[in-house]
Amino acid sequence: MSVPIPELTADPATRTEFSRAVRRFTRNRLAVAGVIVVLALAALSFLGPLVHSTDQVHTDLTQVNLSPGSGHPLGTDAVGFDQLGRLMLGGQLSLMVGVCAGILAMLLGTVWGAVAGYAGGWVDTVMMRIVDAGIAIPALLLLLIVSAIWTPGTLGLIVILGLVSWLVPSRLVRAETLTLASRDYVLTMRAMGGGHTRAIGRHILPNSLSTIVVAATFQIADAILLVAYVSYLGLGVQSPDTDWGGMLSQGLDAAFSGRWWLIAPPGIAIILVVCAFNAIGDGLRDAFEIGGRR
Amino acid sequence: MSPAENVLEIENLNVVFGGEDHEVTAVESVSLSLRAGEALALVGESGSGKSTVGFATIGLLPGNARTTGRIMVGGTETTGADEKAMRALRGNEIGMVFQEPATALNPLRRVGDQIAEVIRNHREVTRAQARAEAVQLLERVGIPQPQTRSRAFPFQLSGGQRQRVVIAMAIANRPRLLIADEPTTALDVTVQAEILDLLRDLAKDSGTGVLLITHNMGVVADFADTVAVMHQGRIVETGTVRKVLTDPAAAYTQKLLAAVPRLRTEASDEIRPSKPETEAVLSVEKLNVVYGRGPGAVHALKDVSFTVRAGQTLGIVGESGSGKSTAARVALGLIKPRSGSVELFGQELRAGRGGRALRAGIGVVLQDPASSLDPRMTVAQAIAEPLHIHRRSLSRSDLDTAVKEALEQVNLAPSLASRAPQELSGGQRQRVSLARALILKPRLLIADEPTSALDVSVQQSVLEVVAELQAELGFACVFVSHDLAVVQRVAQQVLVMRSGEVVETGPTERTLLYPETDYTRRLLDAVPVPDPDQQKIRRQARLTLAAGA
């Protein structure tokens, strides 16, 4: 006997998964604020100099330690650089190094973790013990030793920061790979003759994308902080180049003489950008994970 | 009859869930009553709202639920009661048994202590008294050596024993009402039969009313006095178990019952034409799979051999842990056997390129519809994947045509091609899996519990599609299932497995009607049939057999 197969009249998909994810993201007010803050700081740093152009190469000893006022909205520092212009210049470096280093760390971590998790067995054991060993060494210590030996440029900073911060993401991606590799759709594909490349490239990586993207935002926030640490300790980029951490370090002398404009702007900028990236990460997690994808 | 005699009285219950985009009515004007000492079964397919009624009764609905109507438990109204009043009821007046015994217990505490805690939550007794009572309860639910066992952690007990502990916790304070939500669904049939016997005895002894929530008509026939059938949040039919199961009035109940696979216990009149011996498509010889080394090693398969011939279906049955899925996975090359050979289409199955080409002839459908399709691929991409692997030269339009044909083969609308899997129902997903498995016109289909997660009516339609396509395409099929009634329906040959060994094998018609081994007989006897009279006779026979053994 036969039961008629029900007619498939699934409701018209009015909203795509992407627009639903966007909606979930925008519902997180803090995340939206984070996006606005990051965009605003990026605009300030990269577009600001077009509006407020200043000389950040030549010192001007006639204009030192001016308080905020006409001509210098945020005053000038001890060698006569315009403080607002300096904030823009420092922001370019902080943001660029932070974003690039965060992405580099994520890429390294993803490849390492995916290979370890998928290969399994002794390959996995060896690769993950290397990660364990790396994590046992404090990143800051490594950074200080390296910068004491060698003065890095922008590219150098990105590479060094990337190299010290891929370890934690690699663990995340490995864990994700382990669960995904045993999903029925991967097993089915393997049983029907599919290869490893397809398993990783078509199934495992696309499905770990949410984890990777969310982790990347936190990595970026971490990297911006690391840049600030290193520069604060006087081991970052060399003057007249600067970044927000370096500005803080140079302004420290002025802290007790009432010249707050040398410390507050870069300090607030660092706090804002780190909080903003963390909020974006939270928002992305909402956007990806409530969707019933997993 | 006054409501006071009823342990549970539900009047005009409505439950609405506030969702992300819109509201969903889960339960609509449901009224029920349950007398002391009786068992009421609430049956329905997934999404019918049966569990929601249970959760509403104990006040454990999630925060986005709005409830109207009245629920009275032993004369106390629970709708609108505050959390403190509900806590006093839960575990005391109302006991709960959930589906998954593994997650219902705290893994870090000894089972005796967990039972004692429930007792001390509601009664002023000393720790020692509670412990002693916990041991008595364990004895009452049939756990051997209760004194020693009360010191055990949940992981040291089997699934059936864990469910007994959960039941002991539920009855610890002699509740008037016991709510059992799919209490045996996660268990093997033989264990299911024991648990149902236990619940029946407990209810009879103490006059507890049992609200049994289940999708299994056989369990209903075995256990309940009255039945309420739910469909899309409403009750479509209520009545005594005999009336509803043997002479259903509502069209939905009739449809549901017709779809339930029934275990035949007598030879059918219809004579199946014996097919000529066809060529062997898959033959495995003396497979051994061992996990681990040394004394702790687990023999997942011991000397397992079988052959599947073109156009035929081999059913592999057995309880959980019997090695039936492992056998299928070895045949698929997903697990390497320690010894033995797998021969596919007359050639040894090897890893690497050569093996890969051979695998173009295998189709695979695995159990879980939730994970059988990649959530990031559309239906069309998923179905086309085998083509991408084995027929790389196909053009875009050829691919589209092939996908469309495959969808039509499994009775799905071609418009589904662009959908994401999570927009489909479980049955639709399994049919997409089937379309993917069959797109290369394989000579062998390996299906591991393909319909176990599906509702009976959906299961029926999926099984029909498989049977039709097998008749049309002539592939051989390995069908792994724990459900003997389903295997009896689809398979010509059957392999009964237990602890990694083949217990019995032969034509389905003979082995599942006149089994040669005690194990197969016990397995068959434990299957509840959806007919209360017949089930009563079967139960008596089973108990006599057990008492004699």
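## Ground rules

Two strands count as paired if DSSP finds at least two bridges between them. Helices (H or I, at least four residues) and strands (E, at least two) are DSSP runs, numbered from the N terminus. With that in hand, take the open sheet of four strands in chain B with the order β12-β11-β14-β15 and antiparallel pairing. Its edge strands are β12 (298–309) and β15 (347–348) of chain B, and each of them pairs on one side only.

This is a predicted model, where local features need pLDDT of at least 70, side-chain atom pairs count only at pLDDT 80 or more, and totals for chains, interfaces and linings use all residues. Residues are numbered from 1 along each chain as its sequence is written, chains are lettered from A and ligands numbered from 1 in the order in which they are written, and side-chain values use heavy atoms, with hydrogens and water left out.

## How confident is the predictor?

For the complex, the predictor gives an ipTM of 0.73 and a pTM of 0.78. Per-residue confidence is the pLDDT, which runs from 0 to 100. Chain B has a mean pLDDT of 85, with 96% of its residues at 70 or more. Chain A has a mean of 81, and 92% of its residues reach 70 or more.

## Chain B as a whole

Chain B has 21 helices and 20 strands. Its C-alpha atoms fill a box of roughly 75 × 55 × 50 Å, taken along the principal axes. The radius of gyration, taken over C-alpha atoms, can be set against a globule rule of 2.2 Å times the number of residues to the power 0.38. For 549 residues, a compact globule would come out near 24 Å, and chain B has 25 Å, which agrees.

Buried residues make up 54% of the 549 residues in chain B; buried means under 20% relative accessible area, exposed over 50%, and partly exposed in between (1.4 Å probe, protein chains only). Of the contacts in chain B with a separation of 6 or more, 69% are between residues 24 or more positions apart.

## Sheets in chain B

Back to the sheet we started with: β14 (residues 339–344) of chain B and β15(B) run antiparallel and are joined by two bridges. In β15(B), B:Glu348 is the bridge partner of B:Glu343.

Another open sheet of four strands has the order β2-β1-β4-β5 (chain B), with antiparallel pairing. The edges are β2 (23–35) and β5 (76–77) of chain B, each pairing on one side only. Two bridges join β4 (residues 65–73) of chain B to β5(B), and B:Val73 stands opposite B:Thr76 in β5(B).

## A strand covered on both faces

In a regular strand the side chains alternate between the two faces of the sheet. Strand β16 (residues 362–365) of chain B is covered on both: B:Ile362 and B:Val364 on one side, and B:Gly363 and B:Val365 on the other, are all buried. β16(B) pairs in the parallel sense with strand β17 (residues 444–448) of chain B over four bridges.

Which residue of β17(B) stands opposite B:Gly363? That's B:Leu445. The C-alpha atoms of B:Leu445 and B:Gly363 are separated by 4.6 Å, though these residues are 82 residues apart along the chain. B:Leu445 is buried, with a relative accessible area of 1%. Not counting residues up to four places away in sequence, B:Leu445 touches several residues, including B:Val466, B:Phe475 and B:Cys477.

In helix α20 (residues 518–526) of chain B, the buried residues are B:Tyr519, B:Thr520, B:Leu523, B:Leu524 and B:Ala526. They cover an arc of only 165° around the axis, which puts them on the same side of α20(B); the arc is that of the directions from the helix axis to the C-beta atoms. Among the elements covering them are α8 (189–206) and α21 (532–548) of chain B.

Over in chain A, A:Pro265 sits in helix α12 (residues 264–289). At 12% relative accessibility, A:Pro265 counts as buried. A:Pro265 touches A:Leu74, A:Leu87 and A:Trp260, not counting residues up to four places away in sequence.

Terms used
Contact means heavy atoms within 4.5 Å. pLDDT is the predictor's confidence in each residue, from 0 to 100.
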